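Here are a few friendly notes to read alongside the model. Please keep the 3D view open as you go.

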Amino acid sequence: MRIAVCPGSFDPVTNGHIDIFGRAADLFDEVIVATGLNPSKTRLFTPGERIDMLTEVCREFPNVRVAGFTGLLTAFCQEQGAVAIVKGLRAVSDYEYELQMAQMNSSLAEVETVFIPTSPEYSFLASSLVKEVAMFGGDVSGLVPDFVRERLITRLDERKRSGA
Ligand code: PNS
């Protein structure tokens with residue numbers, strides 16, 4: 001049984017992420033989509049909310065499950081018996097940082113990183129840009145699932161009203 005972990009912040013999950021989940025699910029027996037903590041990012045959704053949205057979108061993939069982790073990604077992979085970390089690569093600009101993380105992770109544990117090139121229609125897509133576009137009233141349909149778009153708009157409205 002070959003298990004892979006597909007980690008990320010997923011704040012929120014986009015159609016680009018879902019494309020990678022499905023393609024990783026074709027390559028491995030089991031895929032664990034795992035939301036972790038990126039200390040350099042501020043978050044709009046709580047870990048529980050992100051897990052809920054991921055669970056909803058992963059329902060279509062029978063061999064994908066969703067989890068959260070708080071410590072090191074490599075510790076989580078070891079705990080789960082995962083042989084690989086799957087990351088989507090949008091552009092050359094992603095590669096430098098992703099390569100550094102892959103090498104750091106392989107120095108910490110026996111785990112390979114597998115890069116999947118993002119489908120061209122999603123190569124510009126990033127959760128941070130989706131949030132920014134939605135914040136300024138832009139239409140993000142087609143970039144995230146409809147229910148995610150609704151939650152995004154609701155959360156941004158709440159934030160605006162509370163002055164945060
Ligand atoms: O979607 P992101 O923000 O690029 O995801 C980054 C994430 C959460 C996968 C990464 O920050 C991570 O692995 N965090 C866990 C802590 C860790 O293991 N850090 C060392 C990375 S080399």
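How many aromatic pairs does a search of the whole structure find?

1. The search finds 3 aromatic pairs. Rings of Phe, Tyr and Trp (its six-membered ring) pair if their centres lie within 6.5 Å, and planes under 30 degrees apart count as stacked, over 60 as edge-to-face and the rest as tilted. This is a predicted model, where local features need pLDDT of at least 70 and side-chain atom pairs count only at pLDDT 80 or more, while totals for chains, interfaces and linings use all residues. Residues are numbered from 1 along each chain as its sequence is written, and side-chain values use heavy atoms, without hydrogens and water.

2. One of the pairs is Phe10 with Phe21: the ring centres are 5.4 Å apart and the planes stand at 75°, so the pair is edge-to-face. Phe10 sits in the loop between S1 and H1 and Phe21 in helix H1, so the pair ties together parts 11 residues apart in sequence. (Helices, H or I with at least four residues, and strands, E with at least two, are DSSP runs numbered from the N terminus.) Both Phe10 and Phe21 are buried (under 20% relative accessible area; exposed is over 50%, partly exposed in between; 1.4 Å probe, protein chains only).

3. Tyr95 and Phe115 also pair. Their ring centres are 6.1 Å apart with planes at 70°, so this pair is edge-to-face. Tyr95 is partly exposed, at 37% relative accessible area, and Phe115 counts as partly exposed at 25%.

4. Back to H1: the buried residues of H1 include Ile18, Ile20 and Ala24.
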